[in-house]
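Hi,

Here is the structure I promised to pass on. Please open it first, then read my notes below.

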Amino acid sequence: MTAPVHLPTEVIVLIVLFVAADDRFPLSRQRSLHACCLVSRQWSSAAISFLYENPQIGSGLAFKKFTETVSPPIAARKSKWNLGAFVRRLDLSGLVHNSSNSLTARLLGRVKENLEVFIAPRFSFAYAPAVSLFIPSCILT
């Protein structure tokens, strides 16, 4: 049995950058970055920011899972990562929004720190969730 090979973090970052640069097929890119996060803690720390920077959310179930991951209820918060801070682009245009305003507001409150582009759902996006983009996060949490 051979000993495992340890790659320097710089090499892993280069590999992750190569995977993240392929934006021709966003869903495939997301799956590949997710796979990188599953290799080890070292790979996860190199890939996680790229995985969350432009999430592909194409269904109501994916939206709910993403929201629960990025902005879990206060009682359930366990992650050491502030995953919402990684989100740069949030495109919800593929959704016919069937979520509650409070869930959307909670998500927007968590991702607003570094959010550069936000595309709202096609229908029934209320004013209340949008307000969370402008209210300081200390008030929302």
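This is a predicted model: local features need pLDDT of at least 70, side-chain atom pairs count only at pLDDT 80 or more; totals for chains, interfaces and linings use all residues.

Residues are numbered from 1 along each chain as its sequence is written, and side-chain values use heavy atoms, leaving out hydrogens and water.

**Helix packing**

Two packed helices are described by the angle between their axes and the distance between the axes. Helices are DSSP runs (H or I, at least four residues), numbered from the N terminus. Axes are lines fitted to C-alpha atoms over the stretch in contact, with angles from 0 to 180 degrees between N-to-C directions.

α1 and α2. Helix α1 spans residues 9–21 and helix α2 residues 26–39; their axes come within 9 Å and cross at roughly 160°. That makes α1 roughly antiparallel to α2 (angles over 145 degrees count as such). The crossing is left-handed (the near helix is turned anticlockwise from the far one by less than a right angle; clockwise is right-handed). On the α1 side, Val-16, Val-19 and Ala-20 meet Arg-29, Ser-32, Leu-33 and Cys-36 of α2. Contact means heavy atoms within 4.5 Å. By class, this contact of α1 with α2 has five nonpolar residues, one polar and one charged. Ala, Val, Leu, Ile, Met, Phe, Trp, Tyr, Cys and Pro count as nonpolar, Asp, Glu, Lys and Arg as charged, and the others, Gly among them, as polar.

α1 and α3. The axes of α1 and α3 come within 9 Å and cross at roughly 35°. This crossing of α1 and α3 is right-handed. Residues in contact include Ile-12, Val-16 and Leu-17 from α1, and Trp-43, Ala-46 and Phe-50 from α3. The contact of α1 with α3 has 10 nonpolar, two polar and no charged residues.

**Largest pocket**

How much space lies in the largest pocket? About 360 Å³. A pocket is an open set of points on a 1 Å grid over the protein atoms alone, where a 1.4 Å probe fits, with protein on both sides within 12 Å along at least five of seven lines; lining residues have an atom within 4 Å of a point. The volume is the space filled by probe spheres set on the points, which are joined across faces, edges and corners.

Of the 13 lining residues, Gln-30, Pro-55, Gln-56, Ala-62 and Phe-66 are the closest to the centre of the largest pocket. Helices α2, α3 (41–53) and α4 (60–70) each supply at least two lining residues.

Best wishes

Technical notes: Angles under 35 degrees count as roughly parallel, over 145 as roughly antiparallel, 65 to 115 as roughly perpendicular and the rest as oblique.
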